[in-house]
Each structure stands twice: as C-alpha cells, then as structure tokens.
Amino acid sequence: MTAIRLVDVTMRDGNQSLWGATGLHTAHMLQAAALTQACGFAAIDFTSSSHMAVAVRYFRNNPWERLRRMAAAMPTTPLQFITTGLRFIAWQQADPEFMRLVYRTLQTNGVGRFVLLDPMHEVPAVIEAARLVKQEGGAQVMAALTFTLSAIHTDGFYADFARALAQCPDIDLFYIKDPGGLLSVDRVRTLVPAVKAVIGAKPLEIHAHTTIGQGMLTSLEAARLGISAIHVGVGPGGDGSSLPEANRMVANLEEAGHTVDIDKAALARLTAYWQRVARAEGLPPGAPQNFDASFLRHQIAGGVMTTTARQLAELGLADRLDAVIAETGQVRAELGYPIMVTPFPQMVMSQALFNVIGTRRYAQVSDQVIRYCLGKFGKPTSPIDPAVLATIMDRPRARELEAEPTFPALADLRRQFGHGLPDEEFLLRAVMPGDQVDAMLAAGPSRATYTPEAAPLLALFRRLAAQPDARDLVVERPGFRLALHAGASL
C-alpha cells in the first residue's frame, strides 16, 4: 500500500457545492487558517475567479486581501486557484497579456498552485495557460482531466489528452476531476492505469464528488492504484454534492493499509471549528448520499436541478420536471456532449427547459448557448448536431452575438481605467461592475476574527438595528453591559 496525501476543498469546492459559494466569508477562513495549516494538507483548494467575484459582490470582501492574509497565515500550505485557463471572472476569453497580469498578481498575493481545467480538453489552450503561469512565478501547475460519461470520453480520450500535456515542462502534475460524481469503481480501475501509463513520473491526484454516493469508494480504489493525493471536505464541508469527508476518508485509507500524511488531532480540531461555523451560520452539512442511477443519464448537478425545479413550480409547471430531465440528455448530445461543469450544466438544462415549455424545440435559445455554438467557449469536443446548429444560428440574435466585441486588449483597458490604478483594483474593475468594486473598497479591510457562538447574537443586533425606531440597543446582565447607539457599525 502507499502513502497518501489529502487536499482540503472545504473553503472553495465544498463551499460552492453545498452552500452556493456564499456560505463562507474572509473572517470564517482566517479563523480556520492556523487550524488548517496544522493538519498538513498537500494543498488547499482555496479560490477561483468566480469565488473572487462572490467575495466582492456578496460580502464586500477584497479577494486580493483575502489571499494575502491567508497565505501569510498558512506559509507552508499551498493555496490553490482553479481556472479554465484564459478567463478571469468574465465569460469571454481574455487577452493573453491580461491573463499574464492575472497570473502574476495571483502569485504575488499567495497562490502557490494552479489547476487548469479546460472543459473542451483543448491541449494548446492548457499549454498556453501553463506557460503564462510559469513565466509569472513559481507556482505548481496541475492539469485537470475532467471526467464525464459520453460516447467520446473514453479511457483512450483521457490518455491521449494526458499524453500530450505530459510532454509540456510547465505542467507538474495531473488530477482526475469528477465534478458530477459519475466515476465508478469499475471505471477508475481502467482509467487510472491508462492515465498513469502516459504521464511518467508526474503525480496523479483524484477529485471525486460524492453526489450519488460513489466518491468515497472511487477514491479508495484510486489510492490502491497508486494516486498520490485525494481531495476531501472537512466535517460539514464534505459529503453531499461535495467531496468525501476527510475524517472518514482517513479512517478508510488506514483500514485499507495506507498511511495518510495528516495530523489527525489537528484535523479533529478543524472539524470541530467548521461544525461550529455551520451551526452558527445555518449552513446545512453535507450528508452521505444514496446511489442514484438516473444521474448517470442526465448528469445534472444538484444545485442546477434544485433551481430548475423551483422555476417550474413558480410557473405552475412542476409536473414537467421529468420531461425537462429527459430533454437535458437529448440537448447535451445535440450540443456535442459538453462536460457538465460550470457554465455548461446551467446552459444545457436551461435550454432543455425552454424546449419543454416552448412552442417548439429551440424556439427560444439563450445568449450563452448561441455563444457556445459560435465557439466562444472553445471548440466543442464533439460536433454539434448540424440541424440543431442551423436552427440556433438562423436568428438575428446569433448574428448580433457573432459581431459582439472581443475581450479588450490589456493596453486598451489600461487607457480606459487609467495607468495609475493599482493592478488588483484594475483587474477587478476590468471584469466587474464598478459599483460593486466601489462598495468593496468603501467597506475597508475584512474582519480578521470570527467567533461562531457570537454569530446569532450579532445577527439579532443587525435585525434590530435595521428597524427605523431602533436608536439604541442595550444588553445587560450582572457584571456586563453592552450598549450600541445609532450610527454604530456591527
């Protein structure tokens, strides 16, 4: 048996999978930093451009400040950034020189590891992004083999992709990323050896979600086959649609005869902290899932499924959900089997919804589907059905989107926003609404500490302070008096 390391996904993928990416803010993370560092994880799956946007939009937290402070608090544990390559927050593929600045600024602020995930598995795009990352710093680069089930995503397909990337000196390691939890034990037994045979000495990790109950067993089998690290969520940030829960994974690995490079006492303390946060903030913990064979067919992520069900109920069409699910599989095949990873699940299921409730299939098509068909997200892995493509493109909106401006060049953006603007602020203003960036800057530095037990009391104070006639709030008990007056900040 082998020595296995763990990668903690709680703050990024666990937060996204279970709590819509809005469950945790900077203070939650900073309070967890020392506890997390003590565990000895191989890396922390920490952020992405969409998570950075959430920090600004929902919490008025400066994501660059968050990175700096977390990196300072965890100097020996690499912070990981996941990216589709040449995009940053905006949907458009960015100017390479703009992305060079993004990668430089991320590394300056503490990112020590990059995951390059190209949903189309385009080798040149991944190699270009890896080259830019390495030229702008010394971070590790990990290439993602994003797993899905389709007629074309065979073991040979993934082996060919990995073989081409393994020749690139800028790619340090690989991981099999299974965002839908679709990878079975039987399939991992053929996929892992096929990939390991072509990547030489470069390490291979596994990131298998537990959405339909397979992720734990799949990860354990991958460990037997020689992978170097398993991605896990800690306590309430594991299981459900997240990754296997860390404590149970450690116990199962040790039961199978592996050694796990983790401090179990520190992991217990970190687990207790996240449990307290989840209770205080009302964040539902992940729970072990039963196997759901229908998911292998429709591959719809839980969050997208929930949103669509709510939309149908609001329209009085709750009884059409099964039809939408069936249509999703058909739409995905017609669009060339896009991997059901953001933004494609939302895109495919929305189109299925339009097809079911509309007057005819593809009568209504979203701008994102049109952009996909125009190749603005990259070249589809498999050709789009010609009849469907013709139907989508035969409308005025398709011609408008075909002619829309590309992402501006870095020099043009510098002229637009001013050459004196700091890089961090410039990068946010280039891709986000200015009023959101203004609000973030006005909010000032994020809080550095968080006490879960105080959260319900502070929430009560905020609700009371929002009342028009609440000028003064006073809490008294023997030996203690807290007074808050109008204009005070909570």
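## A walk through the predicted model

Start by selecting Gln37, which sits in helix α2 (residues 26-39); helices here are DSSP runs of H or I with at least four residues, strands are runs of E with at least two, and both are numbered from the N terminus. Before you go on, note that this is a predicted model, where local features need pLDDT of at least 70, side-chain atom pairs count only at pLDDT 80 or more, and totals for chains, interfaces and linings use all residues. Residues are numbered from 1 along each chain as its sequence is written, and side-chain values use heavy atoms, with hydrogens and water left out.

**Around Gln37**

Show what surrounds Gln37: not counting residues up to four places away in sequence, Gln37 touches Ala73, Met74, Pro75, Thr76 and Thr77, where contact means heavy atoms within 4.5 Å. Now draw a line from Gln37 to Ala323: the two C-alpha atoms are 47 Å apart in space, and the residues are 286 apart in sequence.

Then select Cys39. Cys39 is buried, at a relative accessible area of 2%; buried means under 20%, exposed over 50%, and partly exposed in between, using a 1.4 Å probe and protein chains only. Jump to Cys373 and you find a buried residue too, with 14% relative accessibility. How many disulfides are there by this rule? The count is zero, taking a disulfide as a pair of cysteine sulfur atoms within 2.5 Å.

Next, colour helix α4 (residues 63-73) and helix α20 (residues 423-431), whose axes lie 10 Å apart and pack at an angle of about 135°. Axes are lines fitted to C-alpha atoms, for helices over the stretch in contact, and angles run from 0 to 180 degrees between N-to-C directions. The helices α4 and α20 are therefore oblique to each other: angles under 35 degrees count as roughly parallel, over 145 as roughly antiparallel, 65 to 115 as roughly perpendicular, and the rest as oblique. Show side chains here, and you will see Pro63, Trp64 and Arg68 of α4 meeting Glu424, Leu427 and Leu428 of α20. The residues of this contact divide into four nonpolar, no polar and two charged. In that grouping, Ala, Val, Leu, Ile, Met, Phe, Trp, Tyr, Cys and Pro are nonpolar, Asp, Glu, Lys and Arg are charged, and the others, Gly among them, are polar.

Step back to Arg60, in the loop between α3 (49-59) and α4. Arg60 is partly exposed, with a relative accessible area of 48%. Check its backbone as well: Arg60 is not a glycine, yet has a positive phi of about 55°. Most residues other than glycine have a negative phi. Ile89 is another stop of this kind, with a positive phi of about 65° although it is not a glycine. You will find Ile89 in the loop between β3 (79-83) and α5 (96-108).

**A lysine in a strand**

Now centre on Lys177, in strand β6 (residues 173-178). Is Lys177 buried or exposed? Lys177 is buried, with a relative accessible area of 4%. Its side chain makes a polar contact with the side chain of His207 at 3.3 Å; a polar contact is a pair of N or O atoms within 3.5 Å, where within protein one must be able to donate a hydrogen and the other to accept it, and residues adjacent in sequence count only if both atoms are side-chain atoms. Leaving aside neighbours within four places in sequence, the contacts of Lys177 include Arg12, Asp13, Ile82, Leu117 and Phe147.

**Last stops**

Select Ala151, in the loop between β5 (140-146) and α7 (155-166). Ala151 is exposed, with a relative accessible area of 61%. Its C-alpha atom is separated by 9.6 Å from that of Ser382, 231 residues apart along the chain.

Move on to Asp322 in helix α14 (residues 321-334). Asp322 is exposed, at 61% relative accessible area.

Finish at Val388 in helix α17 (residues 386-393). Val388 counts as buried at 6% relative accessibility, and is in contact with Glu334 and Tyr362, leaving aside neighbours within four places in sequence. Val388 and Gln135 are 42 Å apart, C-alpha to C-alpha.
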